[in-house]
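Please find below my notes on the side-chain contacts in this model, written for someone meeting such a structure for the first time.

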Amino acid sequence: MTTNNRLNSQDFIDIDSMVEETLNRLRLKLLDLTRKNNFINFKETNRSIRIVDICPDVLFHHLVTQSKSYELKALNSKDSFKKQVYTANLPSPLFYPPSIASFLGKISSWKNEKILQTPYQLEIFDKKCSEILRCRQAGIAEAGINILYLAMRFVCWPDDSDEKKMNKSPLFLVPISKERLKIDPETEKPGYAIAYTGEDIEINLSLCEKLKYSHGIDIPEIEGLTPPEAYMDIIRRNIKPKREWYISSEMHIGIFNFSKIRIYKDLDPDNWPRDKKILQHPMIQHVLVGKEISCANKGLSDVLGTSL
């Protein structure tokens with residue numbers, strides 16, 4: 001090798017490392033790890049419906065494992081009004097130790113396996129259901145994706161910037177469909193029913209990355225149709241050192257857009273074939289580190305290769 005080539009080899013740039021570092025930064029931006037993201041700090045809105053008086057595992061078993069549909073119900077009975085309102089107004093419904101919460105949920109679920117109770121009066125209930133159905137239909141029409149999910153279990157934890165502010169992040173998200181039923185003669189309003197779509201059950205990747213990078217806490221992937229309680233046992237062990245952290249048994253139907261998270265997964269180098277690595281793709285290199293650097297580096301590599 002000539003002296004000139006030895007000098008040029010010192011100028012060789014590690015493109016793969018530059019592309020990988022830039023790509024990782026862009027992927028994290030896709031997740032949005034701020035409190036504005038409802039995957040990090042979920043808040044009840046007119047596009048969410050809280051489910052009360054049923055254990056998450058019982059609901060999961062009927063909805064997912066047995067593929068049963070559920071009809072949503074508003075508050076409409078004076079006999080159960082006090083009990084329903086009390087449960088609905090708790091900071092987190094079924095906010096008890098897992099064994100007690102499970103027992104209470106099973107008792108209520110045995111009453112009627114086809115009904116899901118909500119804590120809303122009829123008018124509010126109807127407006128929420130109509131808005132959620134409209135959003136789901138718009139998501140399918142505009143992007144061809146389902147954005148309606150049943151969020152089961154939430155991890156509640158103090159915000160990094162202000163410990164007085166508590167984040168409430170969904171952990172377990174089940175993709176569901178929703179349909180409008182016929183008019184109920186008693187209420188003169190349409191009914192609404194939900195069902196599992198059969199698509200993959202999701203974990204909250206935004207939360208996973210936030211806890212990993214900010215707190216060193218790993219949240220594992222879901223294996224198959226793992227029921228919520230079994231998955232929560234793993235999470236409880238992982239967050240046990242955090243005294244102010246806890247897991248809530250809350251369940252909410254809501255709009256969760258996974259479109260950016262799917263791009264995040266698509267850009268994961270580990271998901272690409274060995275013979276078609278994304279880090280070596282010319283177009284990706286041009287976009288992330290600049291055409292001049294990637295082309296110059298390739299040219300230098302070719303020169304050095306033919307001179308050796």
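1. Lys-178 lies over the face of Tyr-192, at 5.1 Å from the ring centre, where a charge sits over a ring if NZ of Lys or CZ of Arg is within 6 Å of the ring centre and within 35 degrees of the ring normal. A second case is Lys-168, whose charged end sits over the ring of Phe-154, 5.8 Å from its centre.

2. Before going further, please keep in mind that this is a predicted model, in which local features need pLDDT of at least 70 and side-chain atom pairs count only at pLDDT 80 or more, while totals for chains, interfaces and linings use all residues. Residues are numbered from 1 along each chain as its sequence is written, and side-chain values use heavy atoms, with hydrogens and water left out.

3. A search of the whole structure finds 13 salt bridges, a salt bridge being a side-chain nitrogen of Lys or Arg within 4 Å of a carboxyl oxygen of Asp or Glu. One of them joins Arg-27 to Asp-268, with the closest N and O atoms 4.0 Å apart. This pair links distant parts of the chain, since Arg-27 is in helix α2 (residues 15-31) and Asp-268 is in the loop between α9 (259-266) and α10 (282-289), 241 residues apart. Helices (H or I, at least four residues) and strands (E, at least two) are DSSP runs, numbered from the N terminus. Arg-27 counts as buried, at 7% relative accessibility; buried means under 20% relative accessible area, exposed over 50%, and partly exposed in between (1.4 Å probe, protein chains only).

4. Arg-35 forms a salt bridge with Asp-159, and their closest N and O atoms are 3.6 Å apart. Because Arg-35 lies in the loop between α2 and β1 (48-51) and Asp-159 in the loop between β4 (148-158) and β5 (166-184), the pair ties together parts that are 124 residues apart in sequence. Arg-35 counts as partly exposed, at 27% relative accessibility, whereas Asp-159 is buried, with a relative accessible area of 8%.

5. Which residues does the salt bridge of Arg-50 bring into one network? The side chain of Arg-50 meets that of Glu-250 in a salt bridge of 3.8 Å, N to O, and salt bridges that share partners join Glu-44, Arg-50, Lys-168 and Glu-250 into one network. Arg-50 and Glu-250 are both buried.

6. Ser-249 lies in strand β8 and is buried, with a relative accessible area of 7%. Its side chain is joined to that of Arg-153 by a polar contact of 2.7 Å (a pair of N or O atoms within 3.5 Å; within protein, one must be able to donate a hydrogen and the other to accept it, and residues adjacent in sequence count only if both atoms are side-chain atoms).

7. The search of the whole structure also finds nine aromatic pairs; rings of Phe, Tyr and Trp (its six-membered ring) pair if their centres lie within 6.5 Å, and planes under 30 degrees apart count as stacked, over 60 as edge-to-face and the rest as tilted. Phe-39 and Phe-256 form a tilted pair, 5.5 Å centre to centre with 55 degrees between the planes, and both Phe-39 and Phe-256 are buried. Phe-60 and Phe-172 form an edge-to-face pair, 5.7 Å centre to centre with 65 degrees between the planes. Phe-60 lies in helix α3 (residues 56-65) and Phe-172 in strand β5, so this pair ties together parts that are 112 residues apart in sequence.
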